[in-house]
Structures are given as C-alpha cells and as structure tokens.
Amino acid sequence: MNVERLVARRMARSNRELNSRPVVRIATSGVALGVALMILSAAIVQGFQHEVKSLVVGFDSHVQIAHSDPGATGVVWTPGKLDSLRRVPGVEHVALRHERAGIVETPEALQGVIVRGLDSTSNVMRVRDGLLRGGLPTADTDVLVGQPLASKLELDTGSRLTLYVVVGPDDIRPRPMRVRGVYETGLHEFDQRNVWVEAEVIQDAAARGAEAQVVLEAAGDQTRAVGQAFGRNDRGSKWSGRWVDLPNGQDPRGRRSVALDNLPTDAAPLWIVGRGELADTVALAWAGSAGWQAEVSKGTHRKVADGFDVWASSLEQMGELQERLFQAIPYDWQATRVDQQHPEMFSWLGMLDLNVEVIVGLMVLISIVNMTSALLIIILERRSQIGLLKALGMTDSGVVRTFLWHAARILGTGFAWGNLVGLSLVLLQDTFHLVPLDPTAYYVDSVPILVDVQKLLTMEATAFGLCVAAMVAPALWSTRIRPALTMRMT
C-alpha cells in the first residue's frame, strides 16, 4: 500500500509536466464548485427552515395542551397545575393559552381574526420584538394588531374599533377597543389573523366559570337574600346554586331566597354556585347598624383557560417532550406538537430537504463525470508507466489502487477548496446579509444561514465516498494495458 501511495504522489507531481495538468485542474475545479454549492444549499435551506419554524413557535409553542373532548370549553388551571407541568423534564416554559375566534369591525370594513390573550405567564418575545409602534395591551380596552391587518383596515395606534369575541354559534360579545400597538413578525398570514388582548377580555366574554351573587331585597314586611347563579359549565349548561350553613335546621333545598329577619346575627350562610374547582361562594354577614351585607363576587371565569402552551429547549426535543407530557396530564387532555397544529407549513418546510438531496445528487454526479474523464485521460497518458510497473511485478489490483489513491488526492483537493469557498460565502452572508429577500414572500428579509456541522460532515463524507467508489470502474480499465505492447510503443 505504501508503494502505491508513493506512486500516486509521484503521479501528482509529474502532472506539472504532463498534458494532464489542465484536466486535473478542471476536475478539481468541478469538484470544488460542487462542494461549495452543496454547502450553500444545505446552509440556506436549514437556515430558512430554522427561521420560519422559530417564527411559528413565536405564535404557537412547541407543544399545546388542551381538553381532548371537542365539546369542552376549556381547562381549569391552578398554580399547582402550572408547577407540575414546569417540573416535567425538558420543559423550558409553561404559559396559559387564551384563544377565541373573533371579528374586527371598523366603520369601513369587517375582518375575521383569532383573538389571543396575554397574561403574566405569556411568552410573546417574538411579538414584542416585532413591535413597530406602540406597546402590548395594558388595559381591557387595548388591542395589538398586526401590520398587514392594520394596513388593510387603515388602523394605527389610537384607532378605535369594535372587537367581537365569538363565544358560541349564537353568542357573540362586542367589545369597544383601542389599538394599543402594531407589530410585524414576518409571517404575513399569522400577522393578519392574530390580534392580542388581555386575557381577562376573553375570559370575561366567554364566562366559562361560575358566578354567585346575592341580592338583598324587601319582600313585604320582610327582608330576604336572593341568590343568583351565572355562567355555564364545561358542557354549556347553566349553573345552579344552593344555600349552605343555614341555622335552626332550615332546609335549603330548592330555595333561592332566605328570610333574614329571624336569622341570628352570628349566622354565616353561604350561597354557592358551581361545583369543584369552579365553585363560587358569596357569604352573608351581619354588619351591625348596616344590617346584613353580602359580598360581591367576580366569579371563577378567570380560572378557565383554553389550554397550556409548553416550550421545549429546542424544536428537536419537542417529540420527546410530548411523550413526557402525555404521562403527566389527565387522561382527558391531549398534547399536540406545533407541527401537528400547522401540518401544511411544516410539510412544506420538510419538502425543502428534497431540494438539498437533488442538488447534492447532481453535484456528486457531475463530480463523478469530471473525475472519470480526468482519470481516463491520465491512464491513457501513463500507459508506458503502467506497463513498466506491471513488468516490474505490480499486480492489476495494485495498479487499480494506485489510480484510486491518485483520484482520492484530486478529490481531496477539490473538497478542500470547495469547503474554503463555500464556508467563506456562508460566513459573508451570515455576517453582512448580502442577499436580501422580500419578507412578504419569504418571511425573512435576507437569505438565512445555518450550518449544522454534523450534517455537513456526514453529507461530505458520503459524497466523497461515492466519488471514490465510482472511480473503481475507470481505474479497472488500466488493467487492460499490456506491458509488452506499451514497452514496444515506447
């Protein structure tokens, strides 16, 4: 093997004096160009996929948790449930998800939208970074709209509009709103569809919890407390209320009102609406000269969210995170990855990998054709040398290995120059953004770059191995050379 390598090195040095030198240069240049294009195509496609996926995750988390029953109107959350999700291995952040269909109305136009709610747990860094004017909603009359929607409806900060929150097929709640800010993330479809409000706007409009109220009123010569029940359960049925802790053996069944004139001042009756975690309670208490007083309740609507948004540390880990979440959530909840929520977007991004595979295949094919031509020319020009080596005892397999080593050296030089050129172009684009793009068409304002070192090394090693293996066929042609014939010709 050492003799064959030495012969290959001597062949490479002697190319300077042989007519094969231009052929070697052309072959090396072709290989270098192919490798540079392979690096550029892989870096651009991976960069584009990463940027667009990051934009999508800016709106929708890696994994979304919601009730598995389509008839359910949300999930009840508690700080304990949030903490239990945060303790799942691989979870980076957990936020409450508030989302309803809606309609934006201005004096000139109507536009269907998705109303998204913000609270203290929300992770909207992408939206915040994309603010063009104004800020995030800070009051229940504020709304944040995307630039495409603002342009379409001629809205700007301070503009007035009516936001209709769709609660049910026949239940639409209008809300007068003021544009607090305008944002643009680059995802035109998302920016046009999504408007952001404070979460309380959605929770109060949906009224998915229970609300208990007690009205004190005079009935003839007596004063009574009348319990009232508001809100609906997760099946859409109205809540019912009940009195508890009534003294003197009073039977609360079927009664909404309680007589107060004969009620002991140390009594503490409770009016309860709802069940379980959504139960809302109003207490009656004696206030001396002011008489009996009832609390005013805000209800339990704000204990209900549409689900949970869960972020992993990276897109690559969201599959494993989904499996862990399935083991941590109740059986009637479901965990859905972002690529399952937006399959058309991620399928399109996945198809871009086919472009890279086609480019790599074409570049390998071109490199093989160039190298095959160059190697055949080199073999023809070295017929006398091959004949001499065979006359001295070198076997056919030794001759084939010699030319394979020679081809590998040429390919190695081409790969080295290709990496130098390709990585230099990648670095320039990543640093100076020399090639711009139209964000409305490509979601980004310049050609994105991402170099995955492991994938790049695997791709180049595969391409190099295929090229070397393809050189076996032309190298075998050297075995047909007869020493007697070549030495007679010299």
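**Notebook: cavities, pocket, sheet and overall form**

I was working on a predicted model, in which local features need pLDDT of at least 70 and side-chain atom pairs count only at pLDDT 80 or more, while totals for chains, interfaces and linings use all residues. Residues are numbered from 1 along each chain as its sequence is written, and side-chain values use heavy atoms, with hydrogens and water left out.

**Entry 1**

I noted the terms before going on: on a 1 Å grid over the protein atoms alone, a cavity is a set of points where a 1.4 Å probe fits but cannot get out, and a pocket is an open set with protein on both sides within 12 Å along at least five of seven lines; a lining residue has an atom within 4 Å of a point. Grid points are joined across faces, edges and corners, and a volume is the space filled by probe spheres set on the points.

**Entry 2: cavities**

I searched the whole structure and found three cavities of 30 Å³ or more. The largest cavity is lined by 14 residues, and those nearest its centre are Arg116, Ser122, Val124, Trp196 and Asp309. At least two lining residues are supplied by each of H2, strand S3 (91-97), strand S5 (110-118) and strand S19 (307-312), and S3 gives the most, with three residues. Here helices (H or I, at least four residues) and strands (E, at least two) are DSSP runs, numbered from the N terminus. I sorted this lining by class into six nonpolar, five polar and three charged residues, where Ala, Val, Leu, Ile, Met, Phe, Trp, Tyr, Cys and Pro count as nonpolar, Asp, Glu, Lys and Arg as charged, and the others, Gly among them, as polar.

The second largest cavity has a volume of about 50 Å³, and I listed its lining as Ile39, Ala42, Ala43, Gln46, Leu450, Val451, Asp452, Lys455 and Leu456. H2 and H14 are the elements that give two or more residues to this lining, with the largest share, four residues, coming from H2. By class, I have six nonpolar, one polar and two charged residues around the second largest cavity.

**Entry 3: the largest pocket**

I then turned to the open spaces, where the largest pocket has a volume of about 660 Å³. It is lined by 24 residues, and the closest to its centre are Gln46, Gln49, Asp353, Asp452 and Lys455. Two or more lining residues come from each of helix H2 (21-59), helix H8 (318-328), helix H10 (343-381) and helix H14 (453-470), and H10 gives the largest share, seven residues. The lining of this pocket holds 11 nonpolar, five polar and eight charged residues.

**Entry 4: strands**

I looked at an open sheet of four strands, which has the order S13-S15-S16-S17 with antiparallel pairing; two strands pair if DSSP finds at least two bridges between them. Its edge strands, each pairing on one side only, are strand S13 (241-244) and strand S17 (292-294). Within this sheet, strand S15 (residues 270-273) and strand S16 (residues 280-286) pair in the antiparallel sense over four bridges, and I found Ala283 in S16 as the bridge partner of Leu270.

Elsewhere I checked strand S7 (residues 142-146), where five of its five residues are buried, buried meaning under 20% relative accessible area, exposed over 50% and partly exposed in between, with a 1.4 Å probe and protein chains only. On one side of S7 lie Asp142, Leu144 and Gly146, on the other Val143 and Val145, and both faces are covered. S7 runs parallel to strand S9 (residues 171-183), joined to it by five bridges, with Val143 opposite Val179 in S9.

**Entry 5: Glu460 and the whole chain**

I also looked up Glu460, which sits in helix H14 and is buried, with a relative accessible area of 11%. The C-alpha atoms of Glu460 and Phe415 are separated by 8.3 Å, although the two residues are 45 apart along the chain.

For the chain as a whole I counted 16 helices and 20 strands, and 44% of the 490 residues count as buried. The C-alpha trace spans about 140 × 50 × 35 Å along its principal axes. The chain has a radius of gyration of 37 Å, whereas a compact globule of 490 residues would have one near 23 Å; this radius is taken over C-alpha atoms, and the globule rule is 2.2 Å times the number of residues to the power 0.38.
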